[in-house]
Amino acid sequence: MTEPTFKITLAQLNPTVGDVAGNAAKARAARDKAKADGADLVVLPELFICGYPPEDLVLKPALQAACRAAVEELARETKGGGPAMLIGTPWVEDDKLYNACALLDKGRIAALRFKANLPNYGVKGMRVGVPICEDIWLEESEEYENIVECLAETGAEILVVPNGSPYARDKNDLRLSIAVARVTESGLPLVYLNQIGGQDELVFDGASFVLNADLSVAAQLPAFEESIVTLNWTKGADGWRCSGPVVPLIEGDKGDYAACVLGLRDYVRKNGFPGVLLGVSGGIDSALCAAIAVEALGADQVRGVMLPLRFTAASVTRCCRSRMP
């Protein structure tokens, strides 16, 4: 007897806060790629349609309406077949504003999942539990119900966790330990999908991963770059499992440097600046800033103004003047 199979496309992408149309276009392109791969479901990160974190912009009725309209249009586009889409969006229901995930399938919004709420979705033969970000981070207490346990008890077969988790040194180890705890207590495989990109003072590193129920790492997506990966799942006697690419992660000093490059690139480009202007002394600090700027934006978008001190060697001054654009 043939084992049941299921394909999930993980879209680790870089949204822009407030650019609803642009974010919808990214989601649409990801779905096209998923369709070409024969996927059953494409998953996007937390609050993807409005960009994350939207801060108080999410309180504006105009943004709420734009997000809803974009999600409804994406839902209509699923009418002709192809993969379902799970996308993060702000959602107003009964005059209350929610951080939601919408399941788009067969031309409609098939289901909505609100953060720290408990339903799971039936998607083309697989029951998917969708805890959102902090829904897996907090231990059970008097104030907090164990979301993952409830999803497992109500029939979830796999946990898909959309995230907007900022970068910090050694954060990957923390994320993995949290995911391992949730898989251990539920006995279910877990997909941890994180966005990438810079937004104001935050940098999101992606580094999405998948754990099988036996705690083996089924897939590891790269850090600090967009990635769309389709994973083949097979259901055996022990439940669903998959195997996919496992990409080495950038960590430590290299991770910090990559975060600086990505954060600067997105700060400049998402705000529409033409480039950057640097005051350069010839010291290691300004040299490092110049290196980050050139890697992030390209030399043609970086201008340096030499600001030597009495301690700056003449040879350094001449070198900087000759090398800066």
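Predicted model: local features only at pLDDT ≥ 70, side-chain atom pairs only at ≥ 80, totals over all residues.
Mentor: Residues are numbered from 1 along each chain as its sequence is written, and side-chain values use heavy atoms, leaving out hydrogens and water.

Trainee: Why is Q12 called buried?

Mentor: Buried means under 20% relative accessible area, exposed means over 50%, and partly exposed lies in between, with a 1.4 Å probe and protein chains only. Q12 has a relative accessible area of 0%, so Q12 is buried.

Trainee: What makes the link between the side chains of Q12 and S208 a polar contact?

Mentor: A polar contact is a pair of N or O atoms within 3.5 Å; within protein, one must be able to donate a hydrogen and the other to accept it, and residues adjacent in sequence count only if both atoms are side-chain atoms. The side chains of Q12 and S208 are joined at 2.8 Å. A polar atom of the Q12 side chain also lies 2.8 Å from the backbone oxygen of P222.

Trainee: Which strand holds Q12?

Mentor: Q12 is in strand β1, residues 5-12; strands (E, at least two residues) and helices (H or I, at least four) are DSSP runs, numbered from the N terminus.

Trainee: What is the order of the strands in the open sheet?

Mentor: The seven strands run β5-β4-β3-β2-β1-β14-β15, with mixed pairing. Two strands pair if DSSP finds at least two bridges between them. Strands β2 (residues 41-43) and β3 (residues 84-93) have three bridges, in the parallel sense.

Trainee: How many aromatic pairs does the structure hold?

Mentor: The structure holds six aromatic pairs. Rings of Phe, Tyr and Trp (its six-membered ring) pair if their centres lie within 6.5 Å; planes under 30 degrees apart are stacked, over 60 edge-to-face, and the rest tilted.

Trainee: Why is the pair of F6 and W240 called edge-to-face?

Mentor: The ring centres of F6 and W240 are 6.2 Å apart and the planes stand at 70°, so the pair is edge-to-face. F6 is in strand β1 and W240 in strand β15, 234 residues apart. Both F6 and W240 are buried.

Trainee: What values describe the stacked pair of Y98 and F114?

Mentor: Y98 and F114 are 4.0 Å centre to centre, with 5° between the planes.

Trainee: How do you know that Y98 is partly exposed?

Mentor: Its relative accessible area is 27%, so Y98 is partly exposed. F114, at 12%, counts as buried.
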